[in-house]
Amino acid sequence: MSIKEALFFMMMPLALCSQSSYKVGFLPKINVGISVGNGYGINLMHQNREQFDQRRINYVLSDFAIFGDKKVDVRNKIALGYLIRIRDGYTFHRMIQQLVINNLSGAKMSHRLRLDETFGGGLEVFRLRYKNSILFPLNGQSVDDKEAYFKSGLEFLNILSENKYSSEMRIVPTLGYNLNNKTKFELSIDHRISQLWESGTKHRMWFGFNFYKKY
Amino acid sequence: MNNLFTLFLFIFSVVQLNGQRKYEKEVDLSIDQVPTIAKDFIGFSDEDIAVDWYYEYNLIGNSIEAKFCYHKKKYSVEFDTIGMLQDIEVEIRKSKIPKYAKSEIEYALNQEFEKFKIIRIQEHFDASQYMRSFQSFITTDRKQKPTYELEVKGKKKDGFQMYEIVFSHSGSMIRKEVIVQPNTDHFEY
């Protein structure tokens, strides 16, 4: 895949959004992974959300998460996580369980199945999510040190809250730079379409800047 | 909060740039950049077969690699930087390995691992004076005895790892290396 093709795919969600009303903002993220041996690992994540509103950037929320993961095969992992969200003076707690199946020998593809339960602010939300990611090196057959890549992400969410079902789809084209196997930078456009099968479909778009570090 | 984020990025970047890393990199090569000797050895025109060319940088010595499919088989032909042939690799099925070598290989893998799965097998032919072109290799030099390069998923006491294991034509193990897996945190979180 060339850089021009990658940029074209990056811009696709912008065209979708121009069709209806939407919210736009920033979603910067820091992710630090630590291998602790025998296939076990710890992952720490911090993410902020800031939204454009009336020509101003308003702080919306902060997430802090910790995961414990275990390799169940060479490339497949299970993980348990806890996320704390601070929003509008309320604190929300989220428990996360996930299974990730990575296929890296041919097409570099990943399947993530995640369950999460959120409590706080008088709310209880249960979600079942599936995410598919495909990695395309922008040079050669693999992403080597100091090389860029394009990553397509497609996620479907089933949401149960107050006995009401809703759904969401996320399209996340990402342009990444692999400084080395332990350090990655990514620019992404996270386009979220919620209430898919109901009236009043909502669009939200977050410009992400992700930093991944592994120890 | 944004300032803190920028500071984190700066600190992590500086730490990383000072680290020692193994140097290996593969980049696309346009047909114009390929030495004529290498192109002549392969001998296909663009209309015949699509050949992908790569330049590989590494510590042992840089090389040029041609990858293509021919008669439903995947070939990888490696040259030095001036275009002299180094080796040819062909992806094969397990059934193509002679019986006596196959049983030796399976015995060795059973001894080595609690569980294993063969992911990929390649026949490896070193360059010889008889390899004048790819076509001559196909028609005559295939009689040369190859070594077998296996990509194996193996389980030991400390869990699963990927290995590259090279066996002789008779099935004795020559070399075994762990394949370092890429970091996949950006897929998972």
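Trainee: How many residues of chain A are in contact with chain B?

Mentor: Two residues are in contact if their C-beta atoms, placed from the backbone, lie within 7 Å. In this predicted model, 40 residues of chain A are in contact with 29 residues of chain B. By class, the side of chain A that touches chain B has ten nonpolar, 18 polar and twelve charged residues. Here Ala, Val, Leu, Ile, Met, Phe, Trp, Tyr, Cys and Pro count as nonpolar, Asp, Glu, Lys and Arg as charged, and the others, Gly among them, as polar.

Residues are numbered from 1 along each chain as its sequence is written, and chains are lettered from A and ligands numbered from 1 in the order in which they are written. As the model is predicted, local features need pLDDT of at least 70 and side-chain atom pairs count only at pLDDT 80 or more, while totals for chains, interfaces and linings use all residues.

Trainee: Where in chain B is confidence lowest, and where is it highest?

Mentor: The predictor's confidence in each residue is its pLDDT, from 0 to 100. Chain B averages 82, and 83% of its residues score at least 70. Helix H1 (residues 2-17) of chain B has the lowest mean, 44, whereas helix H3 (residues 99-112) of chain B has the highest, 94. Helices (H or I, at least four residues) and strands (E, at least two) are DSSP runs, numbered from the N terminus. For the model, the scores are ipTM 0.82 and pTM 0.78.

Trainee: Which domains does the assignment give for chain B?

Mentor: Domain bounds come from an automatic or database domain assignment. For chain B these are domain 1 (22-83) and domain 2 (90-181). Their centres, taken over C-alpha atoms, are 22 Å apart. Seven residues from domain 1 of chain B and five residues from domain 2 of chain B make the contact. On the domain 1 side, E4(B) gives the largest share, four residues.

Trainee: Which residues touch the most other members of the largest nonpolar core?

Mentor: A nonpolar core is a set of buried Ala, Val, Leu, Ile, Met, Phe, Trp, Tyr and Cys residues joined through C-beta atoms within 7 Å. A residue is buried if 20 or more other C-beta atoms lie within 10 Å of its own. The largest core has 16 residues, of which Ala38(B), Ile42(B), Ala66(B), Val77(B) and Ile88(B) touch the most other members. At least three residues of this core come from each of domain 1 and domain 2 of chain B. Apart from it lies another core, of ten residues, including Leu109(B) and Val152(B).

Definitions and conventions:
A residue is buried if 20 or more other C-beta atoms lie within 10 Å of its own, exposed if 12 or fewer, and partly exposed in between; C-beta atoms are placed from the backbone.
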